[in-house]
Amino acid sequence: MDRRNFISLALIPGLYELSKSIDSLKSKESAYDNNFPMHNIPDRVLPPRPEENSIIAITSPASPTSEWEIRSTMKALRNLGFKIELGKTIKNKINAYKYFSAPDEERAEEFMHFIERDDVSIILCGRGGYGSMRILNLLDYDKIRKNPKVIIGFSDITALLIAIYVRTGLVCFHGPVAVSTFESAMVNFITNLLLKVNYEPISIKSNSIEVLVPGKASGKLIGGNLTMLTSTLGTPYELITDNSILFLEEVSEHPYKIDRMLTQLFLAGKIDKCNGVVVGYIKGANTKRHFFPGGSYTINQVLNDILKKFGLPVIKGIPFGHVKGQIILPIGISAELDAEQKTLVLSESSVI
């Protein structure tokens, strides 16, 4: 056997596995995937208000976690009067799937199982990490719309939240995951947002808020993790920002990457269609980074350079995203931004 034939035969097993993986992804098509991309969000659907003794299902549609990691969260939620049910993606944690909690099909099946359960009122995602995008075309969006639940998560879970909202109109919740720290302030926010019978508008204020561009705006909240928002552009699950308040958060990214992603949102027509922008707390936003050969701007300089161009009101520093004590932002709910007063008001209830 000559060397060329030997190398070809040696590569066959690896190529076969890659081919199987690609064929698997190709087969994971839903009826929605042919609508590419969507231009209008379906009529909005509000999930039912969670009641005492209802079930919070915790599942990991992306990267893995464990019962040990989320023990304090389970305690805090039980203290609120909820029952907790853990999915197999958490209970059966093994390391065989690397940065996934389970194979794509199993993560999607478990998520849909909790969607179809009448006794489950909240689906809380275990953690972000990576993997939500890989199950988007495995979900049944008709069933999700017909069985509305409070779905909560952030970071990589942004892809899941945005996909569900633009596909079904169901209001989703950009907020903590199960590995987050459920401090008293967060618990109080959850109570006022989701559990209170007579909803009163919530005004979000913080000493960390800075004004980039003054002004006032109103619109439907939409947004999340910047990396995930740009990753879904050009797909059937991309965000729609018309007449919205766009909120953005990110962590551990270099300024030039923030620059690239904001520029991509701009070139995709996503920034100039919204009415205002809210940026979450970003650690190290004033840190100077190395960039060969001439140095780097800071993240704050990037934000100022790009977001000031549009003349939209912009504030930054609201505590959502990768920060302790983060608040919950309901995707699809009307909000009022007053950059001069440094406030964001959630002006209507996100549950019925």
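User: Buried means under 20% relative accessible area, exposed over 50%, and partly exposed in between. In this predicted model, does R107 count as buried or exposed?

Analyst: R107 has a relative accessibility of 0%. The cut-off for buried is under 20%. Because of that 0%, R107 counts as buried.

User: Which residue does R107 meet in a salt bridge?

Analyst: Look along helix α4, which covers residues 104–116. The N to O distance is 3.0 Å, and the partner is D104.

User: How many residues apart are E69 and R127, which form a salt bridge?

Analyst: Their closest N and O atoms are 3.0 Å apart. E69 sits in the loop between β1 and α2, while R127 sits in the loop between β3 and α5. E69 is partly exposed at 34%, and R127 is partly exposed at 22%. This pair links distant parts of the chain, and the separation is 58 residues.

User: And E238 with K270: how many residues apart in sequence are the parts they tie together?

Analyst: Their side chains meet in a salt bridge at 3.1 Å, N to O. E238 lies in the loop between α8 and β9 and K270 in the loop between α9 and β10, so the pair ties together parts of the chain at a sequence separation of 32 residues.

User: Which residues are linked with E85 in a network of salt bridges?

Analyst: The salt bridge count for this model comes to 10. In the network with E85, the other residues are R117 and D119.

User: How far apart in space are L194 and I352, C-alpha to C-alpha?

Analyst: L194 is in helix α7, residues 184–195, and is buried at 0% relative accessibility. Its contacts beyond four places in sequence include S350 and V351. L194 and I352 are 158 residues apart in sequence, but in space the distance is 9.3 Å.

How values were computed:
Residues numbered from 1 in each chain as written. Predicted model: local features only at pLDDT ≥ 70, side-chain atom pairs only at ≥ 80, totals over all residues. Heavy atoms only, no water. Helix = DSSP H or I, 4+ residues; strand = E, 2+ residues; numbered from the N terminus. Buried < 20%, exposed > 50% of the residue type's maximum accessible area, 1.4 Å probe, protein only. Contact = heavy atoms within 4.5 Å. Salt bridge = Lys/Arg side-chain N within 4 Å of Asp/Glu carboxyl O.
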